[in-house]
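Please look over the sequence and the structure shown here. A short report on the two chains follows.

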Amino acid sequence: MENLSSNTNLTLLNLFIGMCRGERVLPDVLRRLQYKEHSIECKFQNSENETVQPELILASELKAHSLLFEWKAGANMDDDQLRRYSKITTEDLKQRALIGGQAPNKFDVTIIGLDDNMERLLIGIRNGQYRFPVLAASADTLLLKENSFACLELNQVFQVGLNIDWKLIPMNYVPFDKESDLCIIAEKVMQSVVEKMHRREPRIGVEDVASDSVKTWRILDDSCRQTIRGKIKTILSKASRYEFRGYLKYNREMSRKGTATWDVVNNPIELDSDKRNKGFKKINSITERFLDALKTGKHSNGQDPLPFPD
Amino acid sequence: MYIRTRRELAGFISERMNKTYVDLSEDQRLELGSSLAKVYLMEVHLDSGASHKEICGFLNNSASIFQKEHRVKATIVETDEEKFFNAKFEVSGEAATFYIDASDGRFWFLHSMDKSETIDPLVEKMAIGNQDIDRAWMPIQLLEAIKNLGELRGLNLDYDRRKIRDIDFEAPNAPPEFLIMQMWGNKAEKVLQILSDDKAFPTSTTLSKVKIRYRADSDSKSDYTLDDIKYDGKITARGTSFASHNTLITTLMRKYSNKIRDIEQRFAMSYNVDDGQFSIQGSPIFVVFKNPIPNLVFFCRSLFSCSYPFKLWGVPMIINDQHIRVSGIDLHIGKKLDFEITPEFMRIYLPENTCANSVIRIITNLQHYYDSRLDAQDSDGKSLLEY
């Protein structure tokens, strides 16, 4: 539950993707009904040409049914957003969200919120007389609180509550999003940097690291990419100024010409084979210190602060 | 000795198998200067269908890396046959030769008739120093499947928990710190059953080597091979039938390579977009522990310490008290592997371009250094280690 309240989007994204893929510690109802992940944060227009952007769309050809999810970390509903969701038609799903086959024939916009906030969340739904099924996430279940699904089996399962062990949800299908803290994103960024060092790549570019470390990079919209790119740039800048000062150096010339780039100025892969693992072990400790510093804001090995590169 | 063809190699191995068998049967020792026929099963980062030219280029490049790093003279010699090479080494004035059968461009047989003291370190250096070469690692389940093909004539057990000391070994019910045993004779199977029983040492009885008598032609009682098969892919042979030895090692390699391909096909993770349709392919592999991990953080720090035998880089990120995520790098091949570790199981996410050999190496080493009963399973709980 702690996962859910601290990062609702990532926890629920990974939960539903995991359930579609038949994760062993999760209920298998979605896999049995052959729901598959169709898109994450897919922006499209409803029948009145207004933009909607569900967090996740799942589609089942078997049940000729699609699920569009909107999750709420807080206690307030966005009335305008609900209204726009209510104007989505099967045609929009086929022609604009590009869901193929029979899956868009029936669909449900599903709202998920924390059980503690349910009373307030339901006010918005009831006031607008929306038919969206609403699921409440509590310490160990996902329970249908309002309305129903167009798919009978989902009603049967969610009416009694789907048991979820929040502590064991897989968190690696989508490990971070644009809202994630720098230290969470840095975990994947530094993994990408170390892999590139092992490949003897002389330079590390932001664009390259972004497409390498963000698994969903190709389906993200421009504004989302821009946000993540900015965060990766901040991470690499901080790394080269502080903990990784002896390993990465900002390349002003290349950065001025194109994407922000850092040179690898010290690489353990260049050591003799018997010393390499020790070299990488050192990088392991430095990475740990760096991730910690991103959390606390207390960097080591620093020099006088310089302005971040443009 | 220069060997031009596989047939010539077969004759050479056959002669050595016979001679060492007679020497050991009659005198219980080998003639001075003689040694057993050996083969090392290896996996390299080439496609199975790699051409002779590609393999030759790979070998020459590997030889020059080897020469540079270890200051050992290494020469690759082509033969009369495609994808069959002699690799000659000079170590402190002593010559050693491997006969490399790379019929499958990815899964190779390295035969040699030289002394283990000379060639074992060479194979070790090849596997450690070159990220494109690794041994064919054999989990307990594969050794058990192979032992069932013939008559078990002996075994080695090798378990060492000291690399991951996450329990108090002085506690009254603590498992063994290490359990190493060698046994020859026809009671080996019985001893294995007793030791691996739930009341004995179920999580510490790790099979590391099996000696089996195997007949390719079950009707021919006098034609057999007596092979020692080690978990790191080294096999030594003596006996009266090269055909039996050859059938045994090729069966073993097929079981190994089929499993590697199966894991890559079913589990490799990829994220795709086709005609606006987003899809995730693959799923994590579940490594299931017999007993819950007592101290998750300590376990992760030991596993991801960049050191032998796991050689994994990564910083454990605590998601909650039951769940740690590690975005790791397999330092042997320099590629990503993602992990999620809970007390009961570990998820391994294999990216699409990372070889399944990494996963099998981790599993095999965890059986030797942590939990011999450990299994790898798919989402439905079906074992991936059934051979």
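Which residues of α4(B) are buried? They are I140(B), Q141(B), L142(B), L143(B), I146(B) and K147(B).

## Basis of the model

This is a predicted model, in which local features need pLDDT of at least 70, side-chain atom pairs count only at pLDDT 80 or more, and totals for chains, interfaces and linings use all residues. Residues are numbered from 1 along each chain as its sequence is written, and chains are lettered from A and ligands numbered from 1 in the order in which they are written.

## Helix α4 of chain B

Helix α4 of chain B spans residues 140-147. Helices are DSSP runs of H or I with at least four residues, strands are runs of E with at least two, and both are numbered from the N terminus. Six of the eight residues of α4(B) are buried, so the helix is largely enclosed by the rest of the structure.

The buried residues of α4(B) pack against β7 (151-160), β9 (207-214), β10 (225-230), α6 (242-267) and α8 (357-369) of chain B. Contact here means C-beta atoms, placed from the backbone, within 7 Å.

## Domains of chain B

Chain B is divided into domain 1 (6-135), domain 2 (140-266) and domain 3 (269-377). The bounds come from an automatic or database domain assignment. The centres of domain 1 and domain 2 of chain B, taken over C-alpha atoms, are 23 Å apart.

Between them, 18 residues of domain 1 of chain B touch 17 residues of domain 2 of chain B. On the domain 1 side, α1 (6-27), β1 (37-44) and β5 (107-112) of chain B each give two or more residues. The largest share, eight residues, comes from α1(B). By class, this side has 13 nonpolar, three polar and two charged residues. Nonpolar covers Ala, Val, Leu, Ile, Met, Phe, Trp, Tyr, Cys and Pro; charged covers Asp, Glu, Lys and Arg; the others, Gly among them, are polar.

## Where the chains meet

The contact takes 40 residues from chain B and 40 residues from chain A. Elements of chain B that each supply at least two residues to its side include α3 (116-129), β12 (270-274) and β17 (323-330). The chain B side divides into 15 nonpolar, 15 polar and ten charged residues.

## Chain A overall

Chain A has twelve helices and twelve strands. Its C-alpha atoms fill a box of roughly 65 × 40 × 35 Å along the principal axes. Of the 310 residues of chain A, 43% count as buried.

## Helix packing in chain A

Helix α8 (residues 182-198) of chain A crosses α10(A) at roughly 80 degrees, and their axes come within 10 Å. Axes are lines fitted to C-alpha atoms, for helices over the stretch in contact, and angles run from 0 to 180 degrees between N-to-C directions. That makes α8(A) roughly perpendicular to α10(A). Roughly perpendicular means 65 to 115 degrees; under 35 is roughly parallel, over 145 roughly antiparallel, and the rest oblique. L182(A), I185(A), A186(A) and V189(A) of α8(A) meet K231(A), I232(A), T234(A) and I235(A) of α10(A).

Helix α9 (residues 206-213) of chain A packs on α10 (residues 222-241) of chain A at about 115 degrees, with axes 10 Å apart. These two are therefore also roughly perpendicular to each other. The α9(A) contact residues are V206(A), V209(A) and A210(A).

Note on methods:
Two residues are in contact if their C-beta atoms, placed from the backbone, lie within 7 Å. A residue is buried if 20 or more other C-beta atoms lie within 10 Å of its own, exposed if 12 or fewer, and partly exposed in between; C-beta atoms are placed from the backbone.
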